[in-house]
Structure formats: structure tokens, C-alpha cells
Amino acid sequence: MSETMQGIEELVDASYEYGFSTDLDTDIAPPGLDEDTVRLISAKKNEPEWLLEWRLKAFAAWQEMEEPDWAKLEIAPIDYQAISYWAAPKQKPQLESMDDVDPEIREMFDKLGIPLHEQKMLSNVAIDAVVDSVSVTTTFKETLAEAGVIFCSFSEAVHEHPELVREHLGSVVPVRDNFFAALNSAVFSDGSFCYIPKGVRCPMELSTYFRINSMNTGQFERTLIVAEDDSHVSYLEGCTAPQRDENQLHAAVVELVAKDRAEIKYSTVQNWYPGDENGVGGIYNFVTKRGRAHTDAKISWTQVETGSSITWKYPSVILQGDRSVGEFYSVALSSKHQQADTGTKMVHIGADTTSTIISKGISAAKGQNTYRGLVKMLRSAENARNYTQCDSLLIGKECGAHTVPYIEVKNPSAQVEHEASTSTVGEDQLYYCRQRGMNEEDAMAMIVNGFCREVFDELPMEFAVEAQRLLSVSLEGSVG
Amino acid sequence: MLHVKNLAASIGDAEILKGLDLAVGAGEVHAIMGPNGSGKSTFAHALAGREGYEISGEAVLDGVDLLDLEPEERAAAGVFLGFQYPVEIPGVNNMYFLRTALNSVRRARGDDEISARDFLSVANEAMELVEMKEGFLNRSVNAGFSGGEKKRNEILQMAVMQPRLAVLDETDSGLDIDALRVVANGVNSLRGPERSMIVITHYQRLLDYIKPDFVHVLVNGRIVDSGDHTLALHLEEHGYADYVDAASLSGAPA
């Protein structure tokens, strides 16, 4: 191995800057999961009877299900009885204003670079902050309310807008959809809820920031976004967790409903703790994200996945209405011992539906990166079209990239295109940049960011900057 | 300016440069000619710091031995290599690349970074020099460029970087006559009393456009003859055969 290649491998030995934990006075349930746990969670949240029943039904379903093993992931067995399913920072029951947020929590978010004081915030982003299992605060509620937009924690929505929640909860991801979705449905603790009324263009970006803080807890949040006819919303999601030696489980569900001519743009920057360079610790990230697009509606998923030791995630679109549009733009980085099995499902039901998939997988150190995607054209999907592009970038010699596309076409008028490429960050590229004066780290960051350009272009401005920085940090280390 | 003494380079068991000596004064243009495999490109990369070679000897630029420096430190010291095969970097905007390069070198020298506005005027001037149309800077670095565009881009970069020592490795290869003229004009207008150039080429053709002060013949890892530009004309007529025969004789075990 030449010096340059060794240099490259040292470059990907990154440090995780969000690995601190905060001492919060936390209310934690003892580990273990049975029907009583589900009842306890529901009772803690003071939930209506229908929701408890919904949870119990999900729990019963989950008990009969098997953990999926089709992904290209090597996972140490998960002991679901060793996890605590409820953790919440203790705080005053009612927050009158942002000033009432626990100063320690505020400090934690300041440290993460997300100030919760509205006057200090970016004026065009409203934030829902979720710590462990509960939402601690939501900013800009009043501004949003003037436009008729509801943006609040899931628990609050259950109490304030039960009819909306009841109508849409589980309508896109049914409780029996898969093992992790069923588990989430039984024990989900909080998350975000957004509702955009007919014809409204949401006046600002909505954002949820998820933070796992407590030890030995799982995080199970649930997000539901409903965009009525002719509405428009852009939603951002960010995640971090402390550095711990144990693996922690995160199993989330996100449901999007885009009614006629509505548009939902959902962007994620996932940076859960990835574990250390020996593969110890890190978040197990099992996420079910799906949207249903009605007539002429558009759902666009953009994700930048740099964290977690295991990522199992396939943000999908059911293209139900005619002329509906689904998009998936993804950057997934697997470094250290990280494993990612991620991609999308585009299910074309309506006529003239179109979907676009742009996936950029980056593998470094001992990382394993798999793109797994399904493009399904049903008999009714007259003239449906899909374009898929999967590019893999390899850094170093011990990593792996895999591409597993599934294509099912039942309508002869449908068109499906698939392009795939695999490349390496070459010594010649690094040398070229260095000859022009850049150091090895800057050169590497530039080359990798260039590889991801098409996806970053889809992110809202602030997130694109954050994503580029994150990628550079994840690839940075001591240069030999 | 540049003093190269007894420079040797090898990869594994293969000796490529076998004790090369060369002195380049400020403001001078030196052409290095030689047959395939004589070590011309290796010489260029040895000066620029490509990894993978065993190197010995000296290459002192302005009192600093380049051989002790990393490639980016050599760039900061004023070394610019015009690549024979410029590398493609998809997704990286040409303008952004150039500005990052210039600012990296400026930072390394303790200078302030150039402002976006000043950079734009520097870049526009360089664009005119190589007769590139607007929009060229917004494309990805060399990605999908024609051979001629890649070479023009190298000269454009040189114009922006304003190096002390420019080493142009077969900048004429793959160019049609119009592109050759553009590239040569670019190079000529960058000649100056503070800048030295080493122009590596197979063919005398380039030297019709870029008139060197000195011509050296590199054969089998050594400079075997030096002269003024008439030497290039002689080579054009007679080829390298005489030198190659002599080199193989002198290379015989003593």
C-alpha cells in the first residue's frame, strides 16, 4: 500500500463532535417490554383510549413478527427486554414561553449549535426539539398559527387535534408493515406533527431536532405530516447522540400525506453516534419513512446519512394519484465499522407518475454501504416513468459498496432506467489538488463533496452547508 | 532560482532518473526534449512531489530543497506543474477549485485570502488569456472537457496561481494547431523576469511558438546535451538516435 492510500485511510478516521452527554434529571422506565410497558407509556402521556388500543394492537402484531434479516447487515442480537422504553427529561408540566425551557436543555442545544431562543434563531426555521422520548419545545408556534399551520409535538397533537391524528396515523405505514414499524407503533413516545391547510404555503422551514441523551434507552419517535390540497411544506430533520460503548436502538416512523397538488419536501441530516474506530457502540437506526402522493402531488426525500453504526432505512413514495411525483436523493457515508443498507421504494399506482432516484454511497475505512431500492409499476401505472442513478465511491481498500435494485413492472407502457457507477477517490485526484496547494484533508473533502453535489443541491441552503461540513468532519482525522 | 543536482528517481528496481543536473535562472525558459521513456515526466513529478518514487539528490528552489517538502508545500513555494493528463474532479466547480487552490497557497504564505470580487477579476483576466468562453469556470474541473480544453485549463490555472517555477509536461500533446497557438500565447504572456519555466515536449513544434532560452536533451535518465533553440531544430532533423546509442554505451558496466 502506498503512502497516499495509508493517508486516505487515516483521513477517514474521524472524531465525533456531538459525543457529549448532558446530566438531565430524567424520568426513566425500568428496562423491559410487555403489555404493561405499552400501557405505562400511554398513561404517562395521558392518551385517549383509542390510541392505547391502537398501540396494543401494534404490540400484539409485533410479538408475532420476526426481525427482518434480508438486509446486508451484520447485527449483534438485540435484546428488546434490556432496553428502557420511556425516558423523559423532568420538567415543569406546562411551558409558558421559551424562557421556561430547562436551562440545561437549552445549554445542550446551544452546544449542538441549535439555539432555542427565537431571537437568536434563523428567522425562517421553526424547530421542534425532541430529547430522548419527548418534545421539549417548539419554536415559532404563533407565527405558524397565523398561517393556519399546525406544528407541534406528537403528544400535543393527540390532545389538541385528535381527529387529524386519528384519521392519518397508520394510514401510510400500517402497524403491521414491518417489525420495526410495529414496535414503534406500540411504544412510540413522541415526535412531530405538522398540518398544512388547503392552499397554504408554509411560511418557514419546519425542523425537528432529535437528541438521544439517556443511556440504555431506545428512541421511538413518530412524525406525521399532512399537507392538504394545494399546500406546500419543507421539513428538515437532524439527529445526534452521545458517545457510548453500548449500542442504542432508534426505530422511528415517518408518515407523509400529500393530498391533491400538494408538495412535501423532507430533508434529513442523520448524524447519530456511529461507534468508534473499532466498531464499539453506535446507534442502531431502523427507520420506516413513507409518503402517499395523491393526484398531481409531489413528495421529495433528501437524506444525508453519516451517522449510526447500523442504518436500515428506505424512504418511500406511494405514487397513488395520477401524475404524482416521487423523488429520492441520498448521500450515505459508511466509515469506521459502519454498515448502511439504505435506498427507497417507489410504488407507481397512478397513470403518468414519475419518480427519480439519485443515490450516492460513500464507503471508507471498514464501512459497508448497500443501496437497496424497489421500483414497482403496477398494472394501473400507464406511462409511468422512473430514472435511477446509483453511484458508489470507495475510499481505501477495506470497505465495500453494493447495489441491489429490484424492478417490477406490470404495465408495458412504463419506462424504467437504471444507471450505476463505482469509482474510487484516486491518488491522482488527491495529488492534483495537492499540487495546486490544498492539503490532503481539504482535497479529500472537496472530491467527496463534488461526488455528492447533485444531492446537496436539493437541500435547503442552511442544511447544505451543514451537510458539507459534516461530511468533511466525518472524513477528517490525523494526516500521517 | 532552481538548482537540480544529481537527481535520481526510481520505482521499485527500475531506475528512471540517474543523476540529473540542471540550473534554471530567473526569467529563463528551458525546454527538455527526449525520446519516450527517457524520464521527462518523472522529472516533472519529482519536482512536484508525486508519491511512489524513491528520490535522492537535490532540487533547490530559492534556497529551499523541494525534495524535503510535501506537494502542497512545494505549491506554496511557487512550483506549478501543468499536467500531461489533467485529472477530472466531477461535481467540483472549476472556479471554486481555483479559488480554493489560490487561497490555500496564500494562507500557506501567510497572506490574506483573496476576496470573491478580486478573485473574479483575476479569473476573468486568465480566461481572456486562454480565450475561454464564459461558463467555462462553472463547469466541473476537467470533467467532460476536450483534450484542448483540459490543456487550456492548466494554463488558466497557471495564470491564476502566478508560480515562481512552472513545469509544463507535454502541454502540446493532443492539441490541434489553433489550441496549440492559444496555449503558447498564454505561456508566452506569463513569461517574466521573476518566473522560470521548464517546458517538456516530444516535438520541436511547440518551440516554434514558445522560444526557449535553453534546450536540453534527456536520454536514459540523464541530460546528455544542452544548447540554445537551434538544438531543437537539429533534433527535429536527426532524431535521438545518436544520443540513445551513446547513452547505451556509457551505460555499460565500467
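Helix α1 (residues 40-48) of chain B lies across strands β1, β2 and β4 of chain B and runs at about 70° to β2(B). This arrangement belongs to a predicted model. The α1(B) helix also lies across a further group of strands, namely β3, β6, β9 (165-169), β10 and β11 (214-219) of chain B, and its angle to β9(B) is about 145°.

**The four-stranded sheet of chain B**

- Four strands of chain B form an open sheet in the order β2-β1-β4-β5, and their pairing is antiparallel.
- The edges of the sheet are β2 (14-24) and β5 (64-65) of chain B, each of which pairs on one side only.
- Within the sheet, strand β1 (residues 2-11) of chain B and strand β4 (residues 54-61) of chain B run antiparallel and are joined by seven bridges.
- B:Ala8 stands opposite B:Ser56, a residue of β4(B).

**The six-stranded sheet of chain B**

- A second topic is the open sheet of six strands in chain B, ordered β6-β9-β10-β3-β11-β12, in which the pairing is mixed.
- Its edge strands are β6 (79-82) and β12 (222-227) of chain B, and each of them pairs on one side only.
- On average, neighbouring strands of this sheet are turned by 20° against each other when direction is ignored.
- Strand β3 (residues 29-33) of chain B runs parallel to strand β10 (residues 196-201) of chain B, and five bridges join the two.
- For B:Met33, the bridge partner in β10(B) is B:Thr201.

**Chain B as a whole**

- Chain B contains nine helices and 12 strands.
- Along its principal axes, the C-alpha trace of chain B spans about 60 × 40 × 35 Å.
- Of the 254 residues in chain B, 44% are buried.
- Among contacts in chain B with a separation of 6 or more, 71% are between residues 24 or more positions apart.

**Chain A as a whole**

- Chain A contains 12 helices and 23 strands.
- Buried residues account for 56% of the 480 residues of chain A.
- Among contacts in chain A with a separation of 6 or more, 83% are between residues 24 or more positions apart.

**The contact between the chains**

- In chain B, 22 residues are in contact with 19 residues of chain A.
- On the side of chain B that touches chain A, α2 (71-76), β7 (89-93) and α3 (94-108) of chain B each supply at least two residues.
- The α3(B) helix gives the most to this side, with five residues.
- By type, the residues of this side of chain B divide into 13 nonpolar, six polar and three charged.

**The largest nonpolar core**

- The largest nonpolar core has 186 residues, of which A:Ile264, A:Val448 and B:Val167 touch the most other members.
- Strand β10 (residues 247-258) of chain A provides the largest share of this core, with eight residues.
- Which residues are in contact with B:Val167, leaving aside its neighbours within four places in sequence? They are B:Ala44, B:Leu47, B:Ala48, B:Phe80, B:Leu81, B:Gly82 and B:Ile198.

**A covered helix in chain A**

- Helix α9 (residues 427-435) of chain A is mostly covered, as seven of its nine residues are buried.
- The buried residues in α9(A) are A:Gln429, A:Leu430, A:Tyr431, A:Tyr432, A:Cys433, A:Arg434 and A:Gln435.
- After α9(A) comes A:Gly437, which has a positive phi near 105°.

- Most residues other than glycine have a negative phi.
- A:Arg323 is not a glycine, yet its phi is positive, about 60°.
- A:Arg323 lies in the loop between β15 (316-319) and β16 (325-334) of chain A.
- Is A:Arg323 exposed, partly exposed or buried? A:Arg323 is partly exposed because 17 other C-beta atoms lie within 10 Å, whereas a buried residue needs 20 or more.
- A:Asp352 is not a glycine either, and its phi is positive at about 55°.
- The loop between β18 (345-348) and β19 (354-364) of chain A holds A:Asp352.
- With 18 C-beta neighbours inside 10 Å, A:Asp352 is likewise partly exposed.

Conventions. Residues numbered from 1 in each chain as written. Chains lettered and ligands numbered in written order. Predicted model: local features only at pLDDT ≥ 70, side-chain atom pairs only at ≥ 80, totals over all residues. Contact = placed C-beta atoms within 7 Å. Nonpolar A, V, L, I, M, F, W, Y, C, P; charged D, E, K, R; others polar. Core = buried A, V, L, I, M, F, W, Y, C linked by C-beta atoms within 7 Å. Buried ≥ 20, exposed ≤ 12 C-beta atoms within 10 Å, placed from the backbone. Pairing = 2+ DSSP bridges. Axes fitted to C-alpha atoms, helices over the stretch in contact; angles between N-to-C directions.
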